[in-house]
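Subject: Structure handover

Hi,

Here is the structure we discussed. Please look it over; my notes follow below it.

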Amino acid sequence: MGIDGQQDTDRLHCLVAGASGYIGGRLVPELLTAGHQVRCLARSPAKLRDHPWAQDAEVAQGDVTDADSVAGAMQGIDVAYYLVHALGSGSGFEETDRRAARIFAEQAHAAGVRRIVYLGGLTPQSVPESQLSPHLRSRAEVGQIFLGGPVPATVLRAAVVIGSGSASFEMLRYLTERLPVMVTPSWVHTRTQPIGVRDVLRYLVGSATMPHDVDRAFDVGGPDVLTYREMMRAYARIARLRRRLIVPVPVLTPRLSSHWVGLVTPVPASIARPLTESLRHEVICHEHDIAQYVPDLPGRPLPFEQALDLALRRVREAQVTTRWSSASVPGAPSDPLPTDPDWAGGSLYKDERHLSVDVSQQALWKVIEGIGGDNGWYSLPLAWAVRGWLDRFVGGVGLRRGRRDAERLRVGDSLDFWRVEEIEHGRLLRLRAEMRLPGLAWLEMHAETDEAGQTCYRQRALFHPRGLLGHAYWWSVAPFHALVFGGMARNITQAAAKGMSAHGSASRGDHARHPGAG
């Protein structure tokens, strides 16, 4: 049985493009539970390796902009889910979205796929398409491409999705928690129709078995129509915060709003901007025809406050399965660590540290896997914070994404301004930098046992410079490495010896409400 007992007797073979993202990572297990076979299309299959459902799903390596890889992934597929958006990917994203959607539609037709299911954005009916934000306009165009193609399509259009870890929820959560008095943009008075992520998933799963003659878009939303101001005040009530004073200021443009959101919340401006732009216009559902094919259940769709309460409970219990940052950050380096030492790609600077510690390898690993988020980085907290602020200032992700889970990591997890590139539980954690840098950077932490049975901590920071600026960057920060990386190595081993976290806590399990849990 799946969400709310939803199950279908027809066993379908489903392709999910976007399985490493927030919705896709939650949809895959629901499709499996409903009895379907699932194949995931992923640029980096390793990112899916540590998901609980990974052994039950196929993974095809490919990219939605590469026709050959999409064609291969489509073979034998009945229903193809398209959950890919170029959110925050800079100039040219509309053409990228357009090209990818056309390839997906063409290859689905060539492979005999029976249905395409797409989750897009709810758009205002009274606003000309030319006046929509570029991101809303692009998402609407992708839906039109699928509906105009030869394969029957289900296009679900949702506004604000409320669920633990969603970008919309994180934005709402941090704005409300951190600002008892808020000077806000005028869009806080705009009405919208939020929907709980559980209902989004229920509609997505149900769309797989729609009749062949259904080829249309559906508005999907919860039962409540609210302004953003009302949503913030509802959050304050549920989180038992004092009533928030909200003062709208009409001069804050979406661009300025996005920087304001980026300053206060973990959501960077590049992601916040399309979210705030979508709030400029009233977006409410004008029909509920989806219920003809995916019938409403008692109490469903969930009311806003109930969806919010469920999301908050997930955060507090550290049960967040996917986050808005699960997908790769557009523009961030994605190259794997070059083969070392036989790499022919040019200069590779290293800072290496090696220390012995009188604890078990497992005790050392527990500290390594718990790094980041509330536990910090074990050296010069102010220096790490300043580096995070500088990264946010130049449009990067900054240091505040935190962790998905307070204790465990998996490949593909975002970890402050790093991403987990490789993890061998008990012995290796490799992080790839996603902050703005003139080059590529990695940080490795090893827990090992030598021939004499002594536990050893080994740490490597690696940097591949890009151009003269990259070389200059490395040598400008090299004098501080002894403090930053040397201090990190010493403090990690000391924390392991004491059984302590960076903040002096004897148990990391106490840190359920870390900044990036969501």
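The accessible surface of the protein comes to about 21,500 Å², and 52% of it belongs to carbon and sulfur atoms. Areas come from the Shrake-Rupley method with a 1.4 Å probe; for residues, only the protein chains shown count as cover.

This is a predicted model: local features need pLDDT of at least 70, side-chain atom pairs count only at pLDDT 80 or more, and totals for chains, interfaces and linings use all residues. Residues are numbered from 1 along each chain as its sequence is written, and side-chain values use heavy atoms, with hydrogens and water left out.

Of the 518 residues in the protein, 58% are buried. Buried means under 20% relative accessible area, exposed over 50%, partly exposed in between (1.4 Å probe, protein chains only). The secondary structure comes to 14 helices and 19 strands. These are DSSP runs numbered from the N terminus: helices are H or I with at least four residues, strands are E with at least two. Among contacts with a separation of 6 or more, 76% join residues 24 or more positions apart. A contact is heavy atoms within 4.5 Å.

An open sheet of seven strands has the order 3-2-1-4-5-6-11, with parallel pairing. Two strands pair if DSSP finds at least two bridges between them. Strand 3 (58-61) and strand 11 (216-219) are the edges; each has a single partner strand, so one side of each lacks a neighbour in the sheet. On average, neighbouring strands of this sheet are turned by 20° against each other, direction ignored.

Five bridges pair strand 1 (residues 13-17) with strand 2 (residues 37-42) in the parallel sense. Ala17 stands opposite Leu41 in strand 2. Helix 3 (residues 93-110) lies across strands 1, 4 and 5, at about 175° to strand 4. Helix 4 (residues 134-147) also packs on the sheet, touching strands 4, 5, 6 and 11; its direction makes about 160° with that of strand 5. Axes are lines fitted to C-alpha atoms, for helices over the stretch in contact, and angles run from 0 to 180 degrees between N-to-C directions.

Helix 6 (residues 197-207) is largely enclosed by the rest of the structure, because ten of its eleven residues are buried. The buried set includes Asp199, Arg202 and Tyr203. Its packing partners include helix 1 (24-33), strand 4 (79-82) and strand 5 (115-121).

An open sheet of six strands has the order 14-19-18-17-16-15, with antiparallel pairing. Strand 14 (349-357) and strand 15 (414-415) are at the edges, each with a single partner strand, so one side of each is left without a neighbour in the sheet. Strand 17 (residues 428-433) runs antiparallel to strand 18 (residues 439-449), joined by five bridges. Leu428 has His446 of strand 18 as its bridge partner. Helix 11 (residues 361-369) lies across strands 14, 16, 17, 18 and 19, running at about 155° to strand 18. Helix 14 (residues 481-498) packs on the sheet too, touching strands 14, 18 and 19, with about 25° between its direction and that of strand 14.

Cores

The largest nonpolar core has 40 residues; Trp377, Leu429 and Ile492 have the most contacts inside it. A nonpolar core is a set of buried Ala, Val, Leu, Ile, Met, Phe, Trp, Tyr and Cys residues joined through side-chain atoms within 4.5 Å. Helix 14 gives the largest share, seven residues.

Best wishes
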